[in-house]
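Hi there,

Here is the structure I promised to pass on. Have a look at it first, and then read on for what turned up.

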Amino acid sequence: MSNDDIHETPSITPNFRTELAAQLAHLVPQAIADGKVDVAKLQDLLDGDAAAGTERFGLFWPGKKRALRAAQEPTPATLRPDLENSKDWDTSQNAFIEGDNLEVLKILQKHYHGKVKMIYIDPPYNTGKDFVYPDNYKEGLDTYLEWTRQVNEEGKKLSSNSESEGRYHSNWLNMMYPRLKLARNLLTDDGLIFISIDDNEVSRLRNLCDEVFGEANLAGQFVWKKGGTGKNDSQFLVVEHEYVLVYARRASASHFGLDMEAKVTTSYNLEDEKGRYSLVRLDMQNLQYSSSLDYDLVGPNGEIYRLQHKNPERPNAIWRWSRERVRKEMSALVFKDGKVYTKNYAKDGAKSRSLLVDERFGVTRTGKAEAEAALGKSGVFDFPKPVRLIQHLVRLADDKSALVLDFFAGSGTTAQAVMDQNAQDGGTRRFVVVQLPEPTPASSEARAQGFASISEISRARISGAGAKITEAGFASAVDTGFRAYKLADTNFSKWQQSSDIEPNELEQHMLELRDSSSDDDATPDDLFTEILLKQGFSLTERTAPREVAGLDMRGVLHSDDSLAVLAYLNEHVKPTLEQLRAMVAEDPAKIIVLEDAFDGDDELKTNLAQLCKTSGIELWTA
């Protein structure tokens, strides 16, 4: 039996460096020499399109290369189902993930690559008071595990990024850079990312996003009035605003939806069969004069309309339409009182303004009140964004079935905004939110009310907001549940990283791994979830236990209840050939069996591979 008939589950998330090299080999094979990318040859091929010399324009800071490697480095980490903290696990298409968002973003790459329509994040603003990363800024799963212990490897409490520690801005950029690189991969072709920020890092964030997303893909920069009266919280000015930067995955494919609540000042006082309209002059002043738009316009009855260049109000007047368009669309023009007009029809809504200063966008105290209403408790979270602000951004994404991601979830405002907007417009948007289990301060009101971490606050708020939607009568129409997961090291001993093992311990470690492929503490659901994620399934697949010929198995169901996957995950009970035949008779698209379940019986494994091949079923091992 050929090895091609048996597929092995990948042990780690995609290796982006390797994948990039493979793409280059496909696009420019002449730039590959001895299995490696010949950078000098690639530069020769690009010729004038490649920057030459050491002087380049861009954003540079200490640690940038290492931060890029942090994004590219694959991880064996997984997500474990947290049934106790979930709501409507069997039916919900939403997900809440507790863990370090860098590792989680890597895990999401396999299935969610190019599937997220909107990302909103409210990252740390780097004010010197908020958490960025430990002093040594070690990335990856170890950082998260340290957080769960609340101390670093030297036993020191993890601290904020204060200016006195040096490399203040660099530390923040090193935290943001790999996360934005990974986030971009997840956006759909017409996807948008919205990022809240204040004056501390807005200039560096914009430069960073120009590099990650491309400066041509800047879709806008909103200014949000965060307070009604402002506070004397800075040395020189009363700061009343923050920003929301918006970048597109590809600006040419993206657009903003209309602001349906915008106040329209135009008077649509005329009407025809197409609806109400106003008249707009076809001639216009333009500081950028164009000779091709300066011509004598001939009306439908041969009359001549000339631009009034000597009119002080229109010294550089031109027509808004070309000669050709006027000729083709003459019937759409209105000739009145010696002037030429076009019809401006009334629309539902208008383009969003860049200044978000109306009360309908809320202020900081609005966000605090909304969070407390959902939680049923006060004083547990400071400075959450208003739900109505995030709802406005969700509407601008203009997709009622969008998948919305927030990997700095905080108190869970984004999740509530998605649910509330679905209740308002009948949408079926889904959310995936990620929050580090950042411990609440020991002396805080949140700790006094029983919240040990920010992630606990977030889950409680989402549940409370969902309950209010249900109470309002939207129980059957709005998905107010979520599947909860926790970031964890791989459940498979053979996939665990061994970089910290001393050379003299390596042999013993390998012997231990040979005895068992999975962690004895891992449940079948833990193993099944990890295998599905690493094979590219979503967080919300329809899964169910299934008994086949006396074997306890797990299945993934299609929407029509047919079997997409059937998995046997008990390494301690070797199946018989008859039981394997029963598995195949279930007719799944894919069968997954733990390697150790065969107990070294290659003949049994080969027989299963042959049965699967004959029935057109994929066979995978883990």
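This is a predicted model: local features need pLDDT of at least 70, side-chain atom pairs count only at pLDDT 80 or more; totals for chains, interfaces and linings use all residues.

Most residues other than glycine have a negative phi. Ala549 is partly exposed, its relative accessible area being 43%.

Phe383 is another non-glycine residue with a positive phi, in this case near 60°. You will find Phe383 in the loop between α9 (364-375) and α10 (387-397). With a relative accessibility of 61%, Phe383 counts as exposed.

Now to the sheet. It is open and mixed in its pairing, with 10 strands in the order β4-β21-β5-β20-β19-β6-β7-β9-β8-β18. The edges are taken by β4 (78-81) and β18 (355-356); each has a single partner strand, so one side of each has no neighbour in the sheet. Helix α7 (residues 202-214) packs on this sheet, where it touches β7 (187-197), β8 and β9, and its direction makes about 5° with that of β9. Strands β8 (residues 218-225) and β9 (residues 241-248) run antiparallel and are joined by seven bridges. Within that pair, Gly220 is opposite Val246 of β9.

Helix α7 also meets helix α6 (residues 168-186): their axes come within 10 Å and cross at roughly 35°. This crossing of α6 and α7 is right-handed. Among the residues making the contact are Trp172, Leu173 and Met176 from α6, and Leu205, Leu208 and Phe213 from α7.

What is the nearest side chain of opposite charge to Asp82, and how far away is it? It is Lys486, 4.1 Å away. A salt bridge needs a distance within 4 Å. Asp82 therefore has no salt bridge, although it is buried. Beyond its neighbours within four places in sequence, Asp82 is in contact with Trp89, Arg459, Ala484, Tyr485 and Lys486.

Best wishes

Note on methods:
Residues are numbered from 1 along each chain as its sequence is written. Side-chain values use heavy atoms; hydrogens and water are left out. Two strands pair if DSSP finds at least two bridges between them. Helices (H or I, at least four residues) and strands (E, at least two) are DSSP runs, numbered from the N terminus. Contact means heavy atoms within 4.5 Å. Axes are lines fitted to C-alpha atoms, for helices over the stretch in contact, and angles run from 0 to 180 degrees between N-to-C directions. Buried means under 20% relative accessible area, exposed over 50%, partly exposed in between (1.4 Å probe, protein chains only). Lys and Arg count as positive and Asp and Glu as negative; His and the chain ends are not counted. A crossing is left-handed if the near helix is turned anticlockwise from the far one by less than a right angle, and right-handed if clockwise.
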